Amino acid sequence: MRVSFTVNGSRETVDGVWEGESLLYVLRERMGLPGSKNACEQGECGSCTVYLDGTPVCACLVAAGQAEGRRVRTVEGLAEGDRLAPIQQAFVDAGAVQCGFCTPGLLVQAHDLIERRPDPSDAEIREALAGNLCRCTGYEKILDAVRLAAARKAGT
């Protein structure tokens, strides 16, 4: 099967996709975009979160064929060229990255939150990130990073 969709602003076509192949597999293994991580393969951990037509989804639960004609934005697509997106830079500055396995999904979810709610409360941050599991940080530095990115966006 052939699947054509827009990835990080570029129109792409992938040939030889089998019916049960996940969007995550296509992105990582066929397109060389390893940012989204393959962890639970059940939509429970959030490591594979990408935008699909502007909505965060677990790429492990999306059949590649469902992306036909749609827009996908991965963690790689958050950056602007060689410049990190503000949320990515905030994760670095706040020390929110440890092993890095959960980071791509957290970045996409946090980016989405700040786009929707420029000044989120701690409760809103926790709710937005509830579907993303992290075993290293204890979450406090992640919360600090989201607060930092929101403050920078607000100019405070």
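Does S36 count as buried or exposed, and at what relative accessibility? In this predicted model, local features need pLDDT of at least 70 and side-chain atom pairs count only at pLDDT 80 or more, while totals for chains, interfaces and linings use all residues. Residues are numbered from 1 along each chain as its sequence is written, and side-chain values use heavy atoms, leaving out hydrogens and water.

S36 counts as buried because its relative accessibility is 2% (buried is under 20% relative accessible area, exposed over 50%, partly exposed in between, with a 1.4 Å probe and protein chains only). S36 sits in the loop between α1 (23-30) and β3 (49-52); helices (H or I, at least four residues) and strands (E, at least two) are DSSP runs, numbered from the N terminus. Leaving aside residues up to four places away in sequence, S36 touches L24, R28, S47, C48, T49, V50, T74, V75 and P104, where contact means heavy atoms within 4.5 Å.

Turning to another residue, E115 belongs to helix α3 (residues 103-116). With 49% relative accessibility, E115 counts as partly exposed. The C-alpha atoms of E115 and C134 are 22 Å apart in space, and the two residues are 19 apart in sequence.

Helix α2 (residues 86-93) packs against helix α5 (residues 140-154) at an angle of about 135°, with axes 8 Å apart (axes are lines fitted to C-alpha atoms, for helices over the stretch in contact, and angles run from 0 to 180 degrees between N-to-C directions). The contact is made by P86, I87, Q89, A90, F91 and D93 of α2 and by I142, A145, V146, L148, A149 and R152 of α5.
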